Amino acid sequence: MSEVEILHLPTDVDVPSLWSTAAARAAAWLRGRALPARDATLLLPFAALVPVARETFAAEPGFGGWPPRIETPLTLAAALGPPPEAAPGRVSGEPLVDRLAATARVRRLLGATGLDEGAVVPGELPWLTAQFVDAAQRLRAAALALAPARRAGWWAAAAARTAAAAAGPAQLEARLLSEAVNWCAEGVAGATDRLFRHRPAAWIVVEMGGADALVAGLLDAAAAAGVPALRLVADPPSAAPFAATACPARVRRWIAEDAEDEARAAAAAVVDALAAERTPVALVALDRALVRRTRALLERAGVPLHDETGWQLSTTRAAAELRALLRAARAGSGGDAWLDWLATWPRAEPAARASLEALWRGSRRVRDAAAATRLARAAGAHLAPLAEPGRRSLNAWLQRLAGRLQADGSAERLRSDAAGAQVLAALRLDGAGPGWGPAADALHLDLAEFDAWLAAALEARTFVPPADAGAVVVVTPLARAIGRPFGAVVLPGADHRHLGDAAPAASLVGDALAAELGVPTRGEARLRQRLALAQLMRVPALTLLRRLQDEGEGFDDSPDLQWLLLERARAGLPAWPDEPAPLPRRLMPAAPVAPPRPSASAALPHTLSATQVEALRDCPYRFFARAVLRLEEPAELEQALAKRDYGEWLHLVLQHFHAGRAAAEAAAPHEAAAPPPDDAARLQQAAEHATRELRLDAAELLPFRASFEAFAPAYLRWLARHEAAGWHWLGGETEHRFAAAALAPTTLRGRLDRIDQGPGGTRRVIDYKTGSKRALERKVKEPLEDTQLAFYAALLGDATPLEACYLALDERDAPIEIAHPAVQRSAAALVAGLGDELRRLRAGAAMLALGEGEVCLHCEMRGLCRRDHWRPPAQQAAEAAPGHAA
Ligand code: SF4
């Protein structure tokens, strides 16, 4: 039995001096005990320190060219042999494997506590399972830090402690924790267990950024076995971490306005360090989102990077491809999900895909309908093995997925891509790993659950991109930025959020219990962060950044940084004042554009609809975009039933009702004074008919059906009054064309909702509307301004007396008639005005973008005409003045 000896390394020296001092003290310690240095093992906290330590120890004369073996616990464990395989069902440390076994255990526990899955809030089972796995893995890691011989006693104590809590008043979380202890106590094994059997001449560990539980356990076991052990502590005392830190020669504290400015400033600081040849440069990833943005800015500037942090595998394109495949295969996935997947499917020709999309969106122009149909058929056949309904084991799903990826060549493509290869490996589809074992046979899922499992699997993994060639900028976490010979460090996120107390994460192992059991606590994590900041002071140049606010929330300085500044002030050292981040700014001259003035004399359409004529009257450029360029907004393929759909449905209901009623009357005429007795039933039948014809989901239509139930009797009452006044339905949904010398060669065409006939043979055009009554009243207030009814009146010619009205169907007191007075006069004015306008356009007049009034507010062409980027009206007027030089 011997003692673990401790030597403190200086806290106020730079990185090279730290390592040379560590080498000299280790050499002296070994020499003093006549221990052969080459048979000693030196452990470092993480692998990135190995090169600098090996180089420095090799140069230390005290070793005579035979320095100790230098490793980390993990590299040494890997060198001592392959990792042990966890027995099936035991806690393995691999989150996804453990999750499979944990799901069954959590279900069993819920059953045993009388809480079946149905009693748990939907979505809570996966959360409980994740918490259960997290607790088991934290407990496992704490146990693996102990010598194997001590573990049985530790588990017994942990079991007693957690069983007592679980016996309390039915606390589900406490029972889960107790079950997690029982699970781990069945046996845990890790690759690092071999370290406890390793017998070097001496153990030396360098402690930096906080103590490591495994290393402490190893040294205790070594000392108990009589193996000499030395701790070289590079950290300052935890009670005074900043009392005697080193001081970078150059420190800057930059304050940015917001996250975007902070990312730009961080990128500028990196570029600045490169320009000053302070390399390598560390970009510290305290705030992952911000560093990802900084990384993107550096990539855009062509700076090669080595990213040691990576990002979730689920956010890579390869992962998105797999998720798109599964989503497309889900029953009722719909067109958008298919199109998303087809965009990545190697067998989908872009032209065929575009045709299929056009077909599904109901576009008038489908380039190759046959190719679209072939593609849809081939895609359906490819998805079929995944789309086949039923629950199957996880292994069976993975085999089907692998089969699909093989069948279309996706597997090969994914293997050749860095992220794709990691996705295949994470799902164990690359054939290299051990597979998922019996637990994956026992877990049965439907396709949606398999998709959720796959998403979780890819979220749990980090994609680490390969380093760019010649990269001297390293993106690294704070804990890995210390003790390395960086020429400069850029640390964005030096604020109270990211370099301070983080919000506690939910865990079954609370802090008090963690402290009792020797599981790492939040307080220890904070201490590590503080010690890492103190270690960072050894670098020659440091830029600390923070933002003033983020989405309205104020950001303060990091409390650790405040502490450091206070210590500096106490020591009489110069302050590090903060300053606005010197962002590169460029003055851009304003470049407003002139409103467009296209002319298309030869390309005007031969026939015009009411909406096209309305567009021409509102804004000629809108007409140009719609009628000449034939641009249209793509319709969403999937959308909850909208008011527009209700309007379409109601039009069809009334059409079926009146057509059916007219047919019945023709077959058996009734007394003109009395309404047919079965109108209410006929209206309901028409509603069912329209629902079927439009293939509407009855459940989705339900809220609209409620309005319809109120509308139907009101409509029949209105109809009775209308018919009592001598009107009757003449026809609906009728197509009409109109040609006139004033318009030639252009003709007008349109479809009328309804035409009624009344006293004296007068006809009445009725246009059904589900919009607001007020808007309709505004329309007809200036009859010459209302295009639609005037256009319909023009379609019918002027031979018979004609009336026209809108019939508002969706108001509280609907139906409401809003008449267009003297509509035939409006129609004649419309035809004359339209004729003049068309003649001007045919002669080459410009189709001006008017940019006026309400029409611009909802105009779908606003981006095209660049309405928001025009020159001020005064400048336009000056340019339009005679004599202005273009
Ligand atoms: S936004 Fe206004 S100016 Fe531009 S096309 Fe539409 S209506 Fe015309």
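Reader: How many cavities of 30 Å³ or more does a search of the whole structure find?

Author: The search finds six of them. Bear in mind that this is a predicted model.

Reader: How much space lies in the largest cavity, and which residues lie nearest its centre?

Author: The largest cavity holds about 90 Å³ of space. Its lining is made of 14 residues, and those nearest the centre are Cys 619, Cys 856, Cys 859, Arg 862 and Cys 865.

Reader: What takes up the space of the largest cavity?

Author: The ligand does. Around the ligand are Cys 619, Tyr 621, Ala 849, Leu 850, Gly 851, Cys 856, Cys 859, Arg 862, Cys 865 and Trp 870. Sorted by class, this shell has eight nonpolar residues, one polar and one charged.

Reader: With cysteines on that list, how many disulfides are counted?

Author: The count is zero. A pair of cysteine sulfur atoms has to lie within 2.5 Å to be counted as a disulfide.

Reader: Is Cys 859 buried or exposed, and why?

Author: Cys 859 counts as buried because its relative accessibility is 18%, and buried means under 20%. Compare Cys 247: its relative accessible area is 43%, so Cys 247 is partly exposed, a class that runs between 20% and 50%.

Reader: Which domains does the assignment give for the chain?

Author: Domain 1 covers 4–83 + 193–233, domain 2 covers 95–189, domain 3 covers 250–310 + 467–580, and domain 4 covers 313–463. Taken over C-alpha atoms, the centres of domain 3 and domain 4 are 39 Å apart.

Methods. Residues are numbered from 1 along each chain as its sequence is written. This is a predicted model: local features need pLDDT of at least 70, side-chain atom pairs count only at pLDDT 80 or more; totals for chains, interfaces and linings use all residues. Side-chain values use heavy atoms; hydrogens and water are left out. A residue is near a molecule or strand if one of its heavy atoms lies within 4 Å of it. On a 1 Å grid over the protein atoms alone, a cavity is a set of points where a 1.4 Å probe fits but cannot get out, and a pocket is an open set with protein on both sides within 12 Å along at least five of seven lines; lining residues have an atom within 4 Å of a point. A molecule sits in a cavity or pocket if more than half of its atoms lie within 2 Å of its grid points. Ala, Val, Leu, Ile, Met, Phe, Trp, Tyr, Cys and Pro count as nonpolar, Asp, Glu, Lys and Arg as charged, and the others, Gly among them, as polar. Buried means under 20% relative accessible area, exposed over 50%, partly exposed in between (1.4 Å probe, protein chains only). Domain bounds come from an automatic or database domain assignment. Grid points are joined across faces, edges and corners, and a volume is the space filled by probe spheres set on the points.
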